[in-house]
Amino acid sequence: MSRPRVIAVAPSSPAARAGVVAGDEILAINGEVPRDVIAYRMLVDDADPVLEIDRGGLVRELTVAKREGEALGAEVHSALFDQVRTCDNHCEFCFIYQLPPGMRKSLYLKDDDYRLSFLYGNFTTLTRFTELDLERVVTEGLSPLHVSIHATDPEVRVDMLRNRRGATSLRWLRALLDHGVEVHGQIVVCPGINDGDVLADTLAGVLDRYPELASLCVVPLGISRHSNEPRMRAHTQAEAERVCDLVDGWQATYLELLGHRLVFAADEYYLLAGRPFPDAGTYEGFPMHEDGIGMARTFERELMGEVDEATGPQAGFFAWVDGAPAEGYRAPRTTAPGCGPAGGDGGATLRIGPRRDAPVGLLTAPLGAQVLRPLVERLGRDDVRVVEVTNEFFGGNVGVTGLMVGEDLSRTLAAQPAGHRYLLPDVCLSQGRFLDGLTPEDLPRPVEVVATDGIALRAALGLDATTPTHEMQEVGR
């Protein structure tokens with residue numbers, strides 16, 4: 001078990017006034033050893049907490065003068081101080097098994113930890129959930145949680161998870177709902193395995209056994225060229241149409257019986273089926289926006305000036321926790337000034353780019369291109385074009401913008417004219433780097449990193465006189 005290490009202290013905060021400095025290791029708070037940032041947050045929420053710290057081998061106690069509920073002002077290095085609970089399923093559709101070799105080690109970590117579900121919105125299968133976990137979730141109010149359901153038929157779920165506990169672990173979902181925990185569900189649909197009649201049976205099973213679910217997203221599996229699972233394949237158009245039909249039909253049923261639509265299909269299904277996206281009102285507030293549900297509709301409303309605020313990442317617990325680290329899951333997308341969720345200055349180098357009235361190329365992946373092209377046509381801007389970036393790094397059916405990498409962008413940009421403005425959505429960056437380790441500075445053309453929402457793009461195109469929520473940053477060489 002590691003100790004929470006202080007990595008930053010806010011000036012003039014209670015922690016700073018008490019003498020806490022970056023590098024301090026916290027041994028205990030009020031005599032208690034926190035095992036994760038959840039416990040840490042609850043302990044430092046007290047008035048006048050006593051911190052036992054180790055500073056260079058010297059142990060001392062510091063009493064922090066503060067009111068109950070006042071922020072301590074110290075950020076710690078990790079979300080979990082004990083060992084992350086790894087996943088013991090062997091799902092054929094797991095994307096981590098499909099990553100190419102040689103990437104940074106953290107990308108290969110396969111977790112199934114309910115704490116990360118609460119903290120970051122990660123999905124858990126509950127196959128490693130215990131009575132003690134349930135007790136903590138209920139007593140500490142760790143809600144909402146996010147649960148991978150995939151199928152309500154026990155045999156199908158065992159087959160998909162390749163784990164015999166898959167047949168019984170959904171009992172924990174029933175227990176969570178019984179205790180009033182808000183739960184969002186997910187079904188990853190694999191053609192020929194849990195689609196068609198099995199998907200219909202699953203949606204019926206949800207109504208019968210888990211009607212208290214807050215929402216349920218139905219998403220297609222992603223397959224990279226590195227997959228070695230023979231049963232895994234992309235959807236056909238007919239299969240995508242069937243999924244859309246099932247979701248639409250069950251929405252009507254849920255609406256009549258439960259008072260809300262409950263289930264939503266990923267935007268990708270409507271693109272695969274060649275169908276228009278549902279109206280914005282049918283998404284009931286976009287509860288699963290980050291899972292690709294309704295992103296196209298929110299982007300359209302933002303770009304067309306129909307709303308004043310972007311529907312961005314929902315930080316959940318980290319919207320209010322003091323000292324919560326972003327490491328990996330919520331890390332700022334870019335280190336450029338004003339870019340990323342925090343809008344902070346990470347010290348990126350400003351470089352001279354094309355003139356502001358130059359032709360514009362919007363860099364996006366194949367699925368994003370299908371959304372953007374009709375919207376650009378509606379703008380009536382002949383100087384703006386969509387530059388589609390094929391994902392050869394992952395290959396397969398990977399076509400989402402968030403998985404664009406520097407290698408593919410470099411190949412695409414090298415064939416594009418110099419002197420144009422190239423706008424890059426920040427969703428494909430984490431702390432200023434692509435998944436393949438390259439940075440925007442490594443690209444053969446200067447790019448402007450723009451927040452991945454329609455309001456930021458509208459501002460970048462000069463459609464608004466107001467300053468965008470997330471500023472743009474020119475980087476390149």
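Start by selecting helix H7 (residues 196–209) and helix H8 (residues 237–258), which pack at an angle of about 15° with their axes 11 Å apart. Because an angle under 35 degrees counts as roughly parallel, H7 is roughly parallel to H8. This is a predicted model. Look along the pair: H7 passes H8 in a right-handed crossing.

Next, show the side chains between these two helices. From H7, select Gly196, Asp197, Leu199, Ala200, Leu203, Ala204, Val206 and Leu207. They meet Arg242, Val243, Leu246, Trp250, Thr253, Tyr254, Leu257 and Leu258 in H8. Colour this contact by class: 12 residues are nonpolar, 2 are polar and 2 are charged.

Now go to proline 49. Find it in the loop between helix H2 (37–44) and strand S3 (50–55). Is proline 49 buried or exposed? Its relative accessibility is 0%, so proline 49 counts as buried. Show what surrounds it. Leaving aside neighbours within four places in sequence, proline 49 is in contact with Ile29, Asn30, Leu43, Val44, Leu62, Thr63, Val64, Lys66 and Leu72. Pick threonine 63 from that list. Proline 49 and threonine 63 are 14 residues apart in sequence, and their C-alpha atoms are 5.9 Å apart in space.

Finish with the nonpolar cores. The largest has 111 residues. Select Tyr40, Leu173, Leu176, Val218 and Tyr269, the residues with the most contacts inside that core. Then move to a second, separate core of 15 residues. Val389, Met404, Leu424 and Leu429 are among its members.

Technical notes:
Residues numbered from 1 in each chain as written. Predicted model: local features only at pLDDT ≥ 70, side-chain atom pairs only at ≥ 80, totals over all residues. Heavy atoms only, no water. Core = buried A, V, L, I, M, F, W, Y, C linked by side-chain atoms within 4.5 Å. Buried < 20%, exposed > 50% of the residue type's maximum accessible area, 1.4 Å probe, protein only. Axes fitted to C-alpha atoms, helices over the stretch in contact; angles between N-to-C directions. Helix = DSSP H or I, 4+ residues; strand = E, 2+ residues; numbered from the N terminus. Parallel < 35°, antiparallel > 145°, perpendicular 65-115°, else oblique. Left-handed = near helix turned anticlockwise from the far one by under 90°. Contact = heavy atoms within 4.5 Å. Nonpolar A, V, L, I, M, F, W, Y, C, P; charged D, E, K, R; others polar.
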